[in-house]
Amino acid sequence: MSDFSMFFAEHSTAEITEEFVVSVRFKDAEGHPVPWKLRSITEEENQECRKAATRKIKGKNGVFTPEIDANEYMSKLMVASVIYPDLKNSELQKSYGVLGAEALLRKMLLPGEFAALGERVQALNGFDRDINELVDEVKN
């Protein structure tokens, strides 16, 4: 019988954090780009993001079906993963003239920066690996 204690919570890395330069436009006093701090989220938090981005759409015969707004889901996933800067800070939001962390991200970042942050957040949360790659890795 194999020892499965390595799967116990005390042996698991609960959260992965990393720094990522989202934009070279945000600079410190020495003129260096300021990295953002990102973290991985749990599946429970992911479900909350997905649920918040899901709307019921009325279809044929009055039947409602759930539909996820992919853009809204991605924004919520990104906000949940950003530790620094604090996107929920009211002063930061006020400086951009917006209310809400998702609106702040859209206002702060250029389209390419927004996409780069989204890609990094997805990778940090394990969405960058194809299941077939994982199967091949386990085989070897």
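**Close-up views of a predicted model**

**View 1. Strands S3 and S4 form a hairpin.** Strand S3 (residues 54-58) pairs with strand S4 (residues 64-68) in the antiparallel sense, over 5 bridges. Two strands count as paired if DSSP finds at least two bridges between them. Helices (H or I, at least four residues) and strands (E, at least two) are DSSP runs, numbered from the N terminus. Thr 54 has Ile 68 in S4 as its bridge partner. The hairpin has 5 residues between its strands, and Asn 61 takes a positive phi near 60°.

This is a predicted model: local features need pLDDT of at least 70, side-chain atom pairs count only at pLDDT 80 or more, and totals for chains, interfaces and linings use all residues. Residues are numbered from 1 along each chain as its sequence is written, and side-chain values use heavy atoms, with hydrogens and water left out.

**View 2. Helices H1 and H2 pack at an angle of about 145°.** H1 covers residues 43-52 and H2 covers residues 70-81; their axes lie 8 Å apart. Axes are lines fitted to C-alpha atoms, for helices over the stretch in contact, and angles run from 0 to 180 degrees between N-to-C directions. From H1, Asn 46, Cys 49, Arg 50 and Ala 52 meet Glu 72, Tyr 73, Lys 76, Leu 77 and Ala 80 of H2. Contact means heavy atoms within 4.5 Å.

**View 3. An open sheet has three strands in the order S1-S2-S5.** Its pairing is antiparallel. Strands of a sheet pair through backbone hydrogen bonds, either parallel or antiparallel. The edge strands are S1 (17-20) and S5 (82-84), each pairing on one side only. From one strand to the next, the twist averages 35°. S2 and S5 are joined over 2 bridges. Lys 37 stands opposite Tyr 84 in S5. H2 lies across S2 and S5, running at about 40° to S5.

**View 4. The largest nonpolar core has 23 residues.** Such a core is a set of buried Ala, Val, Leu, Ile, Met, Phe, Trp, Tyr and Cys residues joined through side-chain atoms within 4.5 Å. Buried means under 20% relative accessible area (1.4 Å probe, protein chains only). Trp 36, Leu 87, Leu 105, Met 108, Leu 109 and Leu 117 have the most contacts inside this core. Strand S2 (36-39), H2, helix H4 (101-108) and helix H5 (111-124) each supply at least two of its residues. H2 gives the most, with 5 residues.

Definitions and conventions:
Buried means under 20% relative accessible area, exposed over 50%, partly exposed in between (1.4 Å probe, protein chains only).
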